[in-house]
Amino acid sequence: SGKYIGMDTDGGAAIFNYAKAVLTGGTFTSVGGYSLNNRQGASMEIAQDVKATGGIYNTGAELTVNGANISNSRSGSHTIYAWSSAVIINDGTIHNNNAGNATVFAEGTSTVTIDGGKFSIANGKDIHGWTSCLIDAKGSAAYTINDGEFKGHIRVQTGAEMTINGG
């Protein structure tokens, strides 16, 4: 347990991971960017006793969420952002409280598998006129949703794939 704060106002995360990180407890936040930053070739596993209040940036890496509480209130940020990454969500509470961004956004060649959890987003549009969406797939991203509770709408953009088996 404990609280970990990224203090760099130019996007410094509480943790920048370039290897393997296993988080089993604690609260992670940042004053200027995503709370957790998982980078090229790395892997991060997040357990249920973890709270990330500034979202997760995941690029070219593997991310597994096992029951964590992940939220975001910062404008211009998704709660979970994946670029050409593998994301597996096995449970948890994932919420985005800002307008114009997604709770889970994947693009590039990302694959996202959702096997449970509660997903929600604040309603509204941001100043650019974009509508908030719960799940957003862009580029060649592919989602598979097997289970979960979803409060918000799903957007599948040109070239992306969405398979819904349950929920």
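Colleague: Is Lys151 buried or exposed?
Modeller: Lys151 is exposed, because its relative accessible area is 52%. The classes are as follows: buried is under 20% relative accessible area, exposed is over 50%, and partly exposed is in between, with a 1.4 Å probe and protein chains only. Please bear in mind that this is a predicted model, in which local features need pLDDT of at least 70 and side-chain atom pairs count only at pLDDT 80 or more, whereas totals for chains, interfaces and linings use all residues. Residues are numbered from 1 along each chain as its sequence is written, and side-chain values use heavy atoms, with hydrogens and water left out.

Colleague: What does Lys151 form a salt bridge with?
Modeller: The partner of Lys151 is Glu149, and the closest N and O atoms are 3.6 Å apart. A salt bridge here is a side-chain nitrogen of Lys or Arg within 4 Å of a carboxyl oxygen of Asp or Glu. Glu149 is partly exposed, because its relative accessible area is 35%.

Colleague: How many salt bridges does the structure hold?
Modeller: There are two. The other pair to name is Arg155 with Asp136, where the closest N and O atoms are 2.5 Å apart. Arg155 lies in strand 16 and Asp136 in strand 14 (residues 135-137), so this pair ties together parts that are 19 residues apart in sequence. Strands are DSSP runs of E with at least two residues, numbered from the N terminus.

Colleague: And Asp136, buried or exposed?
Modeller: Asp136 counts as buried, because its relative accessibility is 2%. Arg155 is partly exposed, at 34%.

Colleague: What else does Arg155 touch?
Modeller: Not counting residues up to four places away in sequence, Arg155 touches Cys133, Ile135 and Ala137 as well as Asp136. Contact means heavy atoms within 4.5 Å. Arg155 and Asn37 are 24 Å apart in space, C-alpha to C-alpha, and 118 residues apart in sequence.

Colleague: Switching to the sheet: in what order do the seven strands run?
Modeller: The open sheet has the order 2-5-8-10-12-14-16, with parallel pairing. Two strands pair if DSSP finds at least two bridges between them.

Colleague: Which are the edge strands?
Modeller: Strand 2 (15-17) and strand 16 (154-156) are the edges, and each pairs on one side only. From one strand to the next, the twist averages 5 degrees; axes are lines fitted to C-alpha atoms, and angles run from 0 to 180 degrees between N-to-C directions.

Colleague: How many bridges join strand 2 to strand 5?
Modeller: Three bridges join them, with strand 5 spanning residues 36-38. Asn17 stands opposite Asn38 there.

Colleague: What is Asn58 in contact with?
Modeller: Asn38 is one of its contacts, and the others beyond four places in sequence are Leu63, Tyr81, Ala82, Trp83, Ser85, Ala86 and Val87. Asn58 is placed in strand 8 (residues 56-59) and counts as buried because its relative accessibility is 0%.

Colleague: Which residues of strand 6 are on the covered face?
Modeller: In strand 6 (residues 43-47), Met44 and Ile46 are on the covered face, while Ser43, Glu45 and Ala47 are on the uncovered one. In general, side chains of a regular strand alternate between the two faces of the sheet.

Colleague: Which strand does strand 6 pair with over five bridges?
Modeller: That is strand 9 (residues 62-72), in the parallel sense, with Ala47 opposite Asn66. Strand 3 is joined to strand 6 by four bridges, also running parallel, and Lys20 has Ser43 as its bridge partner.

Colleague: What about the backbone: what is the phi of Ser84?
Modeller: Ser84 has a positive phi of about 45 degrees although it is not a glycine. Ser84 lies in the loop between strand 10 (80-83) and strand 11 (86-96).

Colleague: Lastly, which residues form a nonpolar patch on the surface?
Modeller: Ile5, Met7 and Val31 form it, with about 290 Å² of accessible area together. Patches are made of residues with over 30% relative accessible area and no salt bridge, joining like charges within 9 Å and nonpolar side chains (Val, Leu, Ile, Met, Phe, Trp, Tyr) within 5 Å. Areas come from the Shrake-Rupley method with a 1.4 Å probe, and for residues only the protein chains shown count as cover. Val31 is found in the loop between strand 4 (26-30) and strand 5.
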